[in-house]
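Have the structure open and follow along.

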Amino acid sequence: MNVHPTTAGMLLAGVLFVLGLISILVRRDIIFMLLSVEIMLNAAGLAFVVASSHWGTADGQVMFMFILAMAAAEVSVGLALILQLYHQLKTLDSDEASKMNG
Amino acid sequence: MDPAFYIAAAIAILSTLMVITRYNIMHALLYLVVSLLAVAVVLYMYGAPFMAALEVIVYAGAIMVLLIFFVMMLNLGKESAERERGWLKPRIWIFPSLLCIILLGELVFLVLQNRQPVSDVIIVNPKDVGMALFGPYIIAVELTGILLMAGIVGAYHLGRQKQKTLHRFLENTEV
């Protein structure tokens, strides 16, 4: 089986992205949902780098660095939000947060 | 592709599968670190060694350690794993998984349709990345700086405690 490298990399990125999507759909623990977003962001970055190596330009790798910085900012704000949620509700169940009462 | 790519890809997919099926959050985090390291190997094979180093340092090194310390700070233990086990019954996860697998099959079919002559992987050296980053993408670099600043301020504001709180096991007994 001789698969083109770009095809193989894109398939790997697609599989990882779908795994993250499944996880964010079926999980209810809010930290697991944050982890799933990380998996999906990582898969998107992998797709960018594969495309960059396909076309021989640096644009995809630049986008990967932006995705990296955005993931770091997202994790810090997300963890602070989870901390607030945990202090208010004493649980990490994301369904508990669906009731907005002041 | 050479077998090294398939081995790294298999490790990445397997460890990601283990991440999304664990009940214990710490086990899931450790498997996710393995998955990120495997993806770093794949990035190295695609001619992006600098990105592979960044993946190990920033993703597996900084972000995952932040998550691990956060989980250790919350002190989630056995009851969290038990609750997660109660939620993850097959009749809950089988239908969304099926829909996502169908979407993945469609994606695989569409990607495999495109038959092109085989060309080797083109290596983009980090110098080109730096020139592009601080040449045409300089406005995006500044916007990323603003985003990180907003992240710091937001995390500080949200993480600030209103009043002194004791540990959750002591709250009901000693106040």
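## Some ground rules

Angles under 35 degrees count as roughly parallel, over 145 as roughly antiparallel, 65 to 115 as roughly perpendicular, and the rest as oblique. The angles run from 0 to 180 degrees between N-to-C directions, and the axes are lines fitted to C-alpha atoms, for helices over the stretch in contact. Helices are DSSP runs (H or I, at least four residues), numbered from the N terminus.

What you see is a predicted model, where local features need pLDDT of at least 70, side-chain atom pairs count only at pLDDT 80 or more, and totals for chains, interfaces and linings use all residues. Residues are numbered from 1 along each chain as its sequence is written, and chains are lettered from A in the order in which they are written.

α2(A) and α2(B), which is residues 25-45 of chain B, pack at an angle of about 5 degrees with their axes 11 Å apart. That's why the two count as roughly parallel to each other. On the α2(A) side, the contact (C-beta atoms, placed from the backbone, within 7 Å) includes A:F32, A:L35 and A:N42, and among its partners in α2(B) are B:L32 and B:V39. The tally here is twelve nonpolar residues, one polar and no charged. For that count, Ala, Val, Leu, Ile, Met, Phe, Trp, Tyr, Cys and Pro are nonpolar, Asp, Glu, Lys and Arg are charged, and the others, Gly among them, are polar.

## The whole contact

How many residues does each chain put in? Chain A gives 59 and chain B gives 65. On chain A's side, α3(A) gives the most, with 22 residues. By class, that side has 40 nonpolar, 15 polar and four charged residues.

## Inside chain B

Now for a pair within one chain: α2(B) and α3(B), residues 49-74, pack at about 175 degrees with their axes 8 Å apart. These two are therefore roughly antiparallel. B:L36 and B:L43 are among the α2(B) residues that meet α3(B), where B:Y59 and B:L67 are among those taking part.

## Back to α2(A)

A:G56 follows α2(A), and its phi is positive, near 75 degrees.

Methods
Contact = placed C-beta atoms within 7 Å.
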